[in-house]
Amino acid sequence: METPGAGSPDFSESLQQVPEATFYRFPLVPVHGVPLMKPIATSWERIEKFQARPDDLLIATYPKAGTTWMQEIVDCIMNEGDVEKTGRAPIHVRFSFLEICFPPPVPSGIDVLEATASPRLVRTHLPYELVPESFWQQKCKVIYVARNAKDSAVSYYHFEQINKTHPDPGTWDEYVVKFLKGEMAWGSWFSHVLGWWNARDKHDILYLFYEDMKEDPKREIRKVMKFLGKDLSEDVVEKIHQHTSFTAMKENPMTNYSSVPSSLLDQSEVSFMRKGEVGDWMNHFTESQNKIFDEEYRKRMEGSTLTFRCKI
Ligand code: PPS
């Protein structure tokens, strides 16, 4: 079988060619009520009509839930632990970002996907309701990773500071309010995790949690293997575990986004691979922010069987 994602065109060079100012802080425009960065909203018709193929594998997350971590795990599993193969290209080249749109000459996620040979590895931050229908018609496998709201908020806050395509996050105090209202790119954390949770039995969806991955990475790697129909030895599982640890991925130029120009992702003060912990929210939330957050959380999650751990 072809290495999945091996046929993805490498657009890294075009990223370097875009003038710095072009990437600056796109406004959010609602698409079916979900705020998305303007270039995505402008191209929405094309994204909506995207034609999935039956062997496309989709990784879906709310931003900062452990997308990159899951991508590396999946690529390792597909390549049976051969880390030379997973080192073939940066993670954003190996997995195409379905809805992403940048100014020319950078190709959009759809441009790249249409030029990619099967089987394709795809990632998205779209809420369930906005995923192109063809993924369900083609019965594609989907892995969804969810992360507790408080750590997601902290991670997203730092990321929006360094990712120059996102709106300015403002102060942490302002951000907590914005997060609860879902006024950020890809919308509400609540709607996202609940939408995918409620859909998980309707399609071939594996719903996993960042906190479980932290608690017992090998157990979660085995779940992904089973879902992908891969039976790998314990030695290979151990190798994948080592290769996808936070420390290894932080040092690996193929997973730490160091190849993305600083005009787009400025890692001079905050790294993309920032802390990788469960419970870092405790270092950021004040008592009063925590109280407001907990009250709103209770209301929004009431009646759902979906539960999260904010500590492990
Ligand atoms: S993005 O921008 O939405 O694609 O970001 P995403 O990859 O979903 O999430 C980034 C956060 O995941 C952490 N991360 C990891 N944690 C533990 N182990 C591994 N291997 C790992 N890889 C990435 C990363 O550090 C971000 O979390 P924070 O809390 O900001 O450190």
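Hi everyone, and thanks for coming. Please keep in mind from the start that what we are looking at is a predicted model.

Let's begin with the ligand. Which residues come nearest to the ligand? Of the 22 residues around it, those are T67, T68, S155, K275 and G276.

Now let's look at some individual contacts. On the backbone side, a polar atom of A65 sits 3.2 Å from an oxygen atom of the ligand. Y210 uses its side chain instead: a polar atom there is 2.8 Å from a nitrogen atom of the ligand. R274 also contributes through its side chain, where an N or O atom lies 2.8 Å from an oxygen atom of the ligand. How much of the ligand's accessible area does the protein cover? On its own the ligand has 650 Å² of accessible area, and the protein covers 98% of that.

Which elements give two or more residues to this shell? They are α4 (67-78), α9 (149-162) and α15 (246-251). Of the elements, α4 gives the most, with 3 residues.

Next, a pocket. A handy idea first: rolling a probe the size of a water molecule over the atoms shows where empty space is left. In our model, the second largest pocket has a volume of about 190 Å³. Its lining is made of 14 residues, and D55, L57, M78, K141 and L228 are the ones nearest its centre.

On to the strands. As a reminder, strands of a sheet pair through backbone hydrogen bonds, either parallel or antiparallel. We have an example of each here.

If you want a pair to find on the screen, look for V31, which stands opposite V34 in β2. The two strands make a hairpin with 2 residues between them.

The parallel example is an open sheet of 5 strands, in the order β4-β5-β3-β6-β7. Which strands are at the edges? Those are β4 (96-97) and β7 (205-209), each pairing on one side only. Further in, β3 (residues 57-61) runs parallel to β6 (residues 141-146), and 5 bridges join them. Within that pair, I59 faces I143 in β6.

Last topic: the backbone details. Most residues other than glycine have a negative phi, and most peptide bonds are trans.

H32, in the loop between β1 and β2, has a positive phi near 50°, and it is a residue other than glycine.

The other places are two cis peptide bonds. One runs from P104 to P105, with omega near 10°, and P105 belongs to the loop between β4 and α7 (109-114). Another joins S118 and P119, where omega is about -5°. P119 is in the loop between α7 and β5 (121-124).

Notes: Residues are numbered from 1 along each chain as its sequence is written. This is a predicted model: local features need pLDDT of at least 70, side-chain atom pairs count only at pLDDT 80 or more; totals for chains, interfaces and linings use all residues. Side-chain values use heavy atoms; hydrogens and water are left out. A residue is near a molecule or strand if one of its heavy atoms lies within 4 Å of it. A polar contact is a pair of N or O atoms within 3.5 Å; within protein, one must be able to donate a hydrogen and the other to accept it, and residues adjacent in sequence count only if both atoms are side-chain atoms. Accessible areas come from the Shrake-Rupley method with a 1.4 Å probe; for residues, only the protein chains shown count as cover. Helices (H or I, at least four residues) and strands (E, at least two) are DSSP runs, numbered from the N terminus. On a 1 Å grid over the protein atoms alone, a cavity is a set of points where a 1.4 Å probe fits but cannot get out, and a pocket is an open set with protein on both sides within 12 Å along at least five of seven lines; lining residues have an atom within 4 Å of a point. Grid points are joined across faces, edges and corners, and a volume is the space filled by probe spheres set on the points. Two strands pair if DSSP finds at least two bridges between them.
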